[in-house]
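Student: I have a structure to read and would like to know what stands behind the words used for it. Could we go through them one at a time?

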Amino acid sequence: MNRIFFRFFMLVMLSISGATFVIYFAMSRLFGDPLDDIARRQASAQIFLVEQYVDKARADEWLARLNRVREVSDTRYDLIPLQKARSFLPATSLGALDRGDVVLDIDGKSFYRRVDLKGERYIGSEDEVIHAQDLPIDVSLALQMEAVRYVIVALALLVPIALWSRSHWQGLQSLSRVADEFGAGKLSARAHMQPSSSIYPLAERIDHMADRIEELLVSQKNLLHSVSHELRTPIARLEFALELLGAKTDDPALHKRIAAMEGDVSELNSLVSELLGMARLDSGQAPQRETVELAALLHTVEAALPPGQPVLAIDCAPDVGTIEADARLLGRALSNLLRNAQKYAASTIRVTARREGARVTIAVEDDGPGIPPDERERIFEPFYRLDRSRDRATGGFGLGLSIARKAVLLHGGLVQVTGSELGGARFLVVLPQR
Ligand SMILES: Nc1ncnc2c1ncn2[C@@H]1O[C@H](COP(=O)(O)OP(=O)(O)OP(=O)(O)O)[C@@H](O)[C@H]1O
Ligand SMILES: [Mg+2]
């Protein structure tokens, strides 16, 4: 809010300053310098004295009158040569001086005026100028008044702008809150804005879009769940039938075939289990939190791994302690990362757990082929696997990382992948304390 308002404030101030200059220049061009006008009014008594009292004297009395004025006045009246006066004045004022007009010097608080144009008052009077100094000219007050006027106009503009941007800002904030919640998986988040709000049409469209997305996601989840669930029964029947068939025959060739088919069916079975597991994670249910000893969890996960060649080193800092989490879900995520490392490592896997303030980080690294930078986001998509031929040999459906990320996201954490100094991939799980 403050930022938007500050920008508006700066903009309004800038345009008002710009407008002030434009007004000043336009006015001076069209009607003469307004400051000159003010100064002329302030010096009007002295000008009046010269024009209406001194000048009205007979030619031979003109100097005497001027001297009388000098005696009684606080203003200094000097007679200076025309050339000298011309050198004090800017080129734009010389025309007026030559014509015999009063020319003001606002900064010098003085004015200049030729004694006369034809030398009628005394010998050489056409070449002399009256220079009146110490005039009561003070334009700073006028400038201050002008500034106050513009500040009041600026404030009068800013108040409605502030009110207007405030109502916008509040609306936008509630929209961004909805977007955050929706993005974090809370599909029921809606703006529900008042029709009187200035961004109501936008909020209404976003709510409508959220409705549609929620519908689509729910129906997709339901479909995935139902299909996986429905597949279980025929798979179980197939398993049973294959077993019966195996028991009924002595043909070794057929036994081999049946064993291969049983392998396929069991693969199908584990795919269905994985899909059902994923559908459960997608259901948006909050994980059941309990206090989990992280070091113990890592060792349990390690113990449950299939026996593999790579050497696994777990380096768990003593202060890692416990976190509030669903041990089963978190164990599953870590197990998926470790299984991958086992599949792809050449000889070494390193697991490092650290506490960093209110977060716990767990890094799983290996010395395998690693993951090219442009694939690092895609490997978390369901069924996405790198380099088909390599992966086919390692087995798997491409669901492991997707499940791991969903499980960690449900805990408010995140999973990232980078390169490891061991040479392979480095998966980093960051979990908030709670
Ligand atoms: N440690 C790793 N080193 C190199 N590549 C990896 C590593 N972990 C994952 N990958 C790549 O990411 C892909 C996706 O991993 P993911 O765990 O989702 O699937 P998967 O291991 O192939 O199958 P699943 O986990 O379902 O059994 C893998 O196929 C592999 O190509
Ligand atoms: Mg995997």
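Tutor: The residues of the shell around ligand 1 divide into 10 nonpolar, nine polar and three charged. This is a predicted model, in which local features need pLDDT of at least 70, side-chain atom pairs count only at pLDDT 80 or more, and totals for chains, interfaces and linings use all residues. Residues are numbered from 1 along each chain as its sequence is written, while chains are lettered from A and ligands numbered from 1 in the order in which they are written.

Student: What makes a residue nonpolar, polar or charged here?

Tutor: Ala, Val, Leu, Ile, Met, Phe, Trp, Tyr, Cys and Pro count as nonpolar, Asp, Glu, Lys and Arg as charged, and the others, Gly among them, as polar.

Student: How many residues surround ligand 1, and which are the closest?

Tutor: There are 22 around ligand 1, the closest being Arg385, Leu386, Gly396, Gly400 and Leu401. A residue is near a molecule if its C-beta atom, placed from the backbone, lies within 6 Å of it.

Student: Which helices each supply at least two residues of that shell?

Tutor: They are α11 (327-344) and α13 (400-410). The largest share, four residues, comes from α11. Helices (H or I, at least four residues) and strands (E, at least two) are DSSP runs, numbered from the N terminus.

Student: Why are β6 and β10 said to stand at the edges?

Tutor: Five strands form an open sheet in the order β6-β8-β9-β11-β10, with mixed pairing. β6 (311-316) and β10 (414-419) each have a single partner strand, so one side of each is left without a neighbour in the sheet. Neighbouring strands of this sheet are turned by 15° against each other on average, direction ignored.

Student: What makes β10 and β11 a pair?

Tutor: Two strands pair if DSSP finds at least two bridges between them. Six bridges join β10 to β11 (residues 425-432), and the two run antiparallel, so by that definition they pair. The bridge partner of Thr418 in β11 is Arg426.

Student: Which strands does α11 touch when it packs on the sheet?

Tutor: α11 touches β8, β9 and β11, and its direction makes about 20° with that of β9. Angles run from 0 to 180 degrees between N-to-C directions, with axes fitted to C-alpha atoms, for helices over the stretch in contact.

Student: Why is Val408 called buried?

Tutor: A residue is buried if 20 or more other C-beta atoms lie within 10 Å of its own, exposed if 12 or fewer, and partly exposed in between, with C-beta atoms placed from the backbone. Val408 has 22 such atoms, so it is buried. Val408 is found in helix α13. Leaving aside neighbours within four places in sequence, its contacts (C-beta atoms, placed from the backbone, within 7 Å) include Ala333, Leu414 and Val429.

Student: How do you know that the chain is more spread out than a compact globule?

Tutor: The globule rule is 2.2 Å times the number of residues to the power 0.38, and the radius of gyration is taken over C-alpha atoms. The chain has 13 helices and 11 strands. Its radius of gyration is 45 Å, well over the 22 Å that the rule gives for 434 residues, so the chain is more spread out than a compact globule. The C-alpha atoms fill a box of roughly 155 × 50 × 40 Å along the principal axes, and 19% of the 434 residues count as buried.

Methods
Contact = placed C-beta atoms within 7 Å.
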